Amino acid sequence: MGNHLTIAISIKINDGIVLAADSASTVLGQTPDGQLQVFNVYNNADKVFNLQKGVPVGAITWGTGSIGQASTSTIMKDLRKIFTEGDEEKHSGWKLDKKTYTVEAVANRLKQFVFDELYAPSFKDFPHKKPDLGFIVAGYSATAPMAEEFQIDIKEGQCSGPFPVRSREQIGMTWGGDPEALNRLITGVSGGLAGVLLNLFRLPPDQLPQVMATVQQRLQLPLVLPAMPLQDAIDLGEFLVDFTIKFSRFMPGAPTVGGPIELAAISKHE
């Protein structure tokens, strides 16, 4: 099974959105005792997608790299063809109208296509832990002055979303996949901090959310500013993916984040 143990980043500023990802695809296999292990890592997976040429809407993905025999890349190209050419037999009304489409509607169609039509039937009787899969659909609705981002999370076979990452007026950065490197760099907090506070310092569980929120608020790096030029947001996305790739390289275990860096910039008119 191919798996994108990846980093996928969405950076939203006033002038647009930057989508950035690595291109590693990790092949997992089952050992005789039923455990999953890394068999190989390939560095040419597509994780950043334009959802229709000429329309300022794109997507990034993380998690499993395939559903059945089809790669995530092929699935997204199939969806792009439906958005572009239409498919009245199976997907009536799905062709995007450039004058009226919304990013939220595109995200809902992606969820229907990927989860309802493909993922749920394929993994219905899957004997092992069902693979995780995530998307951020981002861009400009036909009549909107600011960009939007909608996230879809498939975890343990259950799908949540699409839900807005932030309000249309807000700017910021979101990442999915393997978050440890960016959690440490940007929020100042490792994913293991909660366990340390609870188990070693005996912090009462009801105090944990407030403590974690306060620590992150004090340590968070303000890397994204509203007036940042789009090129600087591109440079930031490239740096953060490269940082995560190098973090993965030097950590023990297989380098599951790597390969060429994929970048896409979406502005209101491009």
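This is a predicted model: local features need pLDDT of at least 70, side-chain atom pairs count only at pLDDT 80 or more; totals for chains, interfaces and linings use all residues.
Biologist: Okay, helices next. How do I read the length of H1?

Modeller: Count residues, then compare the end-to-end distance with what 1.5 Å a residue would give. H1 (residues 72-85) has 14 residues and reaches 20 Å from first C-alpha to last, close to the 20 Å expected. Its buried residues are Thr72, Ser73, Ile75, Met76, Leu79, Ile82 and Phe83. Just after H1, Gly86 has a positive phi of about 85 degrees.

Biologist: What does that length check give for H6?

Modeller: H6 (residues 230-250) has 21 residues, so it should span 30 Å; the end C-alpha atoms sit 31 Å apart, which agrees.

Biologist: Strands, then. How do S11 and S12 pair?

Modeller: Look at the direction and the bridges. S11 (residues 148-155) and S12 (residues 158-164) are antiparallel, with 5 bridges. Gln151 stands opposite Phe163 in S12. The two strands make a hairpin with 2 residues between them, and Glu156 in the turn has a positive phi of about 55 degrees.

Biologist: Lys124 and Gly157: how far apart are they in sequence and in space?

Modeller: They're 33 residues apart in sequence and 8.3 Å apart in space, C-alpha to C-alpha. Lys124 belongs to the loop between helix H2 (103-122) and strand S10 (133-139), and its 61% relative accessibility makes it exposed.

Biologist: Now charges. How many salt bridges does the structure hold?

Modeller: The idea is that side chains of opposite charge can pair when their charged atoms come close. This structure has 7 salt bridges. Arg166 and Glu149 form one of them, with their closest N and O atoms 2.5 Å apart. That pair links distant parts of the chain: Arg166 is in the loop between S12 and S13, Glu149 in strand S11, 17 residues apart. Both Arg166 and Glu149 are buried.

Biologist: What about the pair Asp132 and Lys129, how far apart are their closest N and O atoms?

Modeller: Those atoms are 3.9 Å apart. Asp132 is partly exposed at 32%, while Lys129 is exposed at 54%. Lys111 and Asp116 also meet in a salt bridge, at 3.1 Å from N to O, and Asp116 is partly exposed at 35%.

Biologist: Last one: which residues form a nonpolar patch on the surface?

Modeller: Val196, Leu200 and Phe201, with about 340 Å² of accessible area together. Val196 lies in helix H4 (residues 193-199) and counts as partly exposed at 33% relative accessibility. As for the whole protein, it exposes about 13900 Å², and carbon and sulfur atoms supply 53% of that. Buried residues make up 44% of the 270 residues.

Notes:
Residues are numbered from 1 along each chain as its sequence is written. Side-chain values use heavy atoms; hydrogens and water are left out. Patches are made of residues with over 30% relative accessible area and no salt bridge: like charges are joined within 9 Å, nonpolar side chains (Val, Leu, Ile, Met, Phe, Trp, Tyr) within 5 Å. Accessible areas come from the Shrake-Rupley method with a 1.4 Å probe; for residues, only the protein chains shown count as cover. A salt bridge is a side-chain nitrogen of Lys or Arg within 4 Å of a carboxyl oxygen of Asp or Glu. Helices (H or I, at least four residues) and strands (E, at least two) are DSSP runs, numbered from the N terminus. Buried means under 20% relative accessible area, exposed over 50%, partly exposed in between (1.4 Å probe, protein chains only). Two strands pair if DSSP finds at least two bridges between them. The expected span of a helix is 1.5 Å times one less than its number of residues.
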